[in-house]
Amino acid sequence: MSGAGSVLRGQRSQILWWGSWISLAALLATLVIDAWQRQAHYVLWFFWLAPLAVLLPGLARDRLRSFAWLTFVVLMYFIMAVLRIFAEPHSPRAQLELGAVVLLFCCAMFYIRERGRELQRTNADDPNSGAES
């Protein structure tokens, strides 16, 4: 099986991978703390966290498609964070949420780019990766 997980990451992609996971953890933490402090109903918890939770298995398997979907999903959280910044401009949690969203988007986007190049180089160097007739 030749997936993204079978090829070692380079230094830049490793940094971007860690940046993605750390910023994802920060975003999840801010969402959970916010929902807990507002005593949100469990249905709201589900709708706040489900879009990210659905992607976690693919992210853990290093699937670039999951990282690509993550960048689309994060845009929804970006809109929510910008609205929260305007509603609560001096809230450190709102600022942390916006920072985590922006960092997550950038790290995931550049990780896809860097990791895709690594995988293409590896496939180009591997004579067994071509189509066999």
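A salt bridge is taken here as a side-chain nitrogen of Lys or Arg within 4 Å of a carboxyl oxygen of Asp or Glu. The model is predicted: local features need pLDDT of at least 70, side-chain atom pairs count only at pLDDT 80 or more, and totals for chains, interfaces and linings use all residues. Residues are numbered from 1 along each chain as its sequence is written, and side-chain values use heavy atoms, with hydrogens and water left out.

Q: What is the N to O distance in the salt bridge between arginine 93 and aspartate 34?
A: Arginine 93 belongs to helix H4 and aspartate 34 to helix H1, so their pairing ties together parts 59 residues apart in sequence. Helices here are DSSP runs (H or I, at least four residues; strands are E, at least two), numbered from the N terminus. The two side chains meet with an N to O distance of 3.5 Å.

Q: Is aspartate 34 buried or exposed?
A: Relative accessible area under 20% means buried, over 50% exposed, and in between partly exposed (1.4 Å probe, protein chains only). Arginine 93, the salt-bridge partner, has 22% and is partly exposed. Aspartate 34 has a relative accessible area of 2%, so aspartate 34 is buried.

Q: Which parts of the chain does the salt bridge of aspartate 62 and arginine 9 tie together?
A: The side chains of these two residues meet at 3.6 Å, N to O. Aspartate 62 is buried at 3% relative accessibility, while arginine 9 is partly exposed at 27%. Since the partners are 53 residues apart in sequence, the pair ties together the loop between helix H2 (42-60) and helix H3 (64-87) and the segment before H1.

Q: Which aspartate meets arginine 115 in a salt bridge?
A: Arginine 115 lies in helix H4, and its partner sits in the loop between H2 and H3, 53 residues away. Both residues of the pair are buried. At 3.4 Å, N to O, the partner is aspartate 62.

Q: How many salt bridges does the structure hold?
A: Some of them share partners, and these join Asp34, Arg38, Arg84, Glu88, Arg93 and Glu97 into one network. The structure's count of salt bridges is 9.

Q: How are H1 and H4 oriented to each other, roughly parallel or roughly antiparallel?
A: The axes of H1 (residues 11-37) and H4 (residues 92-125) come within 7 Å and cross at roughly 150 degrees. Axes are lines fitted to C-alpha atoms, for helices over the stretch in contact, with angles from 0 to 180 degrees between N-to-C directions. Angles under 35 degrees count as roughly parallel, over 145 as roughly antiparallel, 65 to 115 as roughly perpendicular, and the rest as oblique. H1 and H4 are therefore roughly antiparallel.

Q: How many disulfides are there?
A: A disulfide is a pair of cysteine sulfur atoms within 2.5 Å. The closest cysteine sulfur to that of cysteine 106 is in cysteine 107, at 7.0 Å, which is too far for a bond. Cysteine 106 is partly exposed at 30%, whereas cysteine 107 is buried at 10%. The count of disulfides is 0.

Q: How far apart in space are phenylalanine 72 and methionine 109, C-alpha to C-alpha?
A: Phenylalanine 72 is placed in helix H3 and is exposed, with a relative accessible area of 54%. Methionine 109 is 37 residues from phenylalanine 72 in sequence. Their C-alpha to C-alpha separation is 10.0 Å.
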